[in-house]
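Okay, thanks everyone, let's get started. Have a look at the sequence and the model on the screen, and I'll walk you through a few spots.

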Amino acid sequence: MSTRLPDDELLKLIHLLKDRSAALPAATGSDLASIQTRRDAILQLIGDLERGHGAKFNTRWNGATLVMAGIRATSTSGPAGAMQNWITAAYRELDRRRAA
């Protein structure tokens with residue numbers, strides 16, 4: 001689903017990602033178990049987005065990229081940051097469309 005979505009579908013996808021991101025478990029300091037639990041939850045969310053919404057993730061040594069619904073976002077802090085930046089970029093896209 002790398003093509004442009006209608007506004008209402010894009011808004012639903014934004015809300016889905018916001019809700020799923022907010023539900024991710026927190027990693028507490030240097031507690032390795034909580035860090036691994038969060039990492040596993042992020043990987044599960046990435047897989048769900050790839051399978052269900054055609055998302056493309058790329059994680060490299062210098063950060064992560066998420067492309068979904070024709071919107072691209074990056075983050076040097078990793079996949080969770082890329083997801084948050086994608087939400088911001090998707091809202092900007094909706095604003096741009098409504099202003100046109």
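Let's begin with a pair of side chains: arginine 20 and aspartate 48 meet in a salt bridge, 2.8 Å from N to O. By salt bridge I mean a side-chain nitrogen of Lys or Arg within 4 Å of a carboxyl oxygen of Asp or Glu. This one links distant parts of the chain, with arginine 20 in helix H1 and aspartate 48 in helix H2, 28 residues apart. Helices here are DSSP runs of H or I with at least four residues, strands are runs of E with at least two, and both are numbered from the N terminus.

Quick housekeeping. This is a predicted model, where local features need pLDDT of at least 70 and side-chain atom pairs count only at pLDDT 80 or more, while totals for chains, interfaces and linings use all residues. Residues are numbered from 1 along each chain as its sequence is written, and side-chain values use heavy atoms, leaving out hydrogens and water.

Back to aspartate 48, which also has a salt bridge with arginine 51, again 2.8 Å, N to O. Those two sit three residues apart in helix H2, so about one helical turn separates them. Buried or exposed: what is arginine 51? Arginine 51 counts as exposed, at 62% relative accessibility. Aspartate 48 is partly exposed at 23%, and so is arginine 20 at 30%. The cut-offs are under 20% relative accessible area for buried, over 50% for exposed, and partly exposed in between, with a 1.4 Å probe and protein chains only.

How many salt bridges are there by this rule? The count comes to five. Another one joins arginine 96 to glutamate 93, with the closest N and O atoms 2.6 Å apart. Here glutamate 93 is buried, at 17%, whereas arginine 96 is partly exposed, at 46%. Through shared partners, salt bridges tie Asp7, Glu93, Arg96 and Arg97 into one network.

Now the inside. The largest nonpolar core has 25 residues, and among those with the most contacts inside it are Leu10, Met83 and Trp86. A nonpolar core is a set of buried Ala, Val, Leu, Ile, Met, Phe, Trp, Tyr and Cys residues joined through side-chain atoms within 4.5 Å. H1, H2, E2, E3 and H3 each give two or more residues to this core, and the largest share, seven residues, comes from H3.

Last stop, serine 34 in helix H2. Serine 34 is buried, at 11%.
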